[in-house]
Amino acid sequence: TAGPSGEAATGESTSSGGSTMTGGSGSEGQTTIGSTGSTGGSGSGATTEMAPVCGDGVIAAGEECDDGNAAPDDGCDETCARDRVVFATSMQFPPAQIGGLKGADSLCKQLAHKGDLQRWATFTAWLSDSQTDALARVFHGRGRYVRPDGMVVAQDFEALLAGPLLAPIAIDEYGAAALGGAWTGTRPDGTAVPAAWHCEDWTSSELLELGHYGAVEALDGSWTYMPNPET
């Protein structure tokens, strides 16, 4: 998931052992703005901190964005929550080509850049391994999760996990249709599939190495976890 998105990544169905991944834009640091109050006469000065006001054009504490308006469909809504983009990769990857979680993140960033997605450097792969849950790797956004074509997938991160999705994550970084399965290793609650091989933590494409995937066309929890044996 990514930028004006905060986003997770899913893979595509395997063909000759390759699967796509899903990527979403991530979190950004927020700046806390305080106002200095007036001082009363001589003596020490007193400072007061103004409560953040959504719509003033200043990103304050508790705000993910602030574009100075209340328009809901411009990437920053009336509650100052940011839209985050989620996509399925246009390329299919055998696990050995993924290179673990860091490699997956790098691939998602590269493809987001090629797709000319905003804040491409913040994208993170929606992928778990034997040590790390996808849930712990991505930013939990208050705003909507949208596809590159503008369709809303979920109203916020909680809805992304709770489901059902409002639209399937069946669009790649260029806005074209993406079909099949996506490597995830992740259950609908965002945690890694327990006791799974994860293809040697996404570094091996040997026939004896197995991993779990999700269906990018699904609206229910199978978008991240197909309840079959490992593939």
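I counted a residue as buried when its relative accessible area is under 20%. The model is predicted.

Entry 1, strand β3. I looked up residues 84–88 and found strand β3 mostly covered, with five of its five residues buried. I then checked each face: Arg84, Val86 and Ala88 are buried on one side, and Val85 and Phe87 are buried on the other.

Entry 2, the partner strand. I found two bridges that join β3 to strand β5, residues 145–146, and the two strands run parallel. I noted tyrosine 145 in β5 as the bridge partner of arginine 84.

I found five aromatic pairs in the structure. Tryptophan 126 and phenylalanine 157 form an edge-to-face pair, at 6.5 Å centre to centre and with 65° between the planes. This pair links distant parts of the chain, 31 residues apart: tryptophan 126 sits in the loop between β4 and β5, and phenylalanine 157 in helix α3. I recorded a relative accessible area of 0% for tryptophan 126 and of 5% for phenylalanine 157; both are therefore buried under the 20% cut-off.

Tyrosine 145 forms a tilted pair with phenylalanine 157, at 6.2 Å centre to centre and with 50° between the planes. Because tyrosine 145 lies in strand β5 and phenylalanine 157 in helix α3, the pair ties together parts that are twelve residues apart in sequence. I noted that tyrosine 145 is buried, with a relative accessible area of 1%.

How values were computed:
Residues are numbered from 1 along each chain as its sequence is written. This is a predicted model: local features need pLDDT of at least 70, side-chain atom pairs count only at pLDDT 80 or more; totals for chains, interfaces and linings use all residues. Side-chain values use heavy atoms; hydrogens and water are left out. Buried means under 20% relative accessible area, exposed over 50%, partly exposed in between (1.4 Å probe, protein chains only). Helices (H or I, at least four residues) and strands (E, at least two) are DSSP runs, numbered from the N terminus. Two strands pair if DSSP finds at least two bridges between them. Rings of Phe, Tyr and Trp (its six-membered ring) pair if their centres lie within 6.5 Å; planes under 30 degrees apart count as stacked, over 60 as edge-to-face and the rest as tilted.
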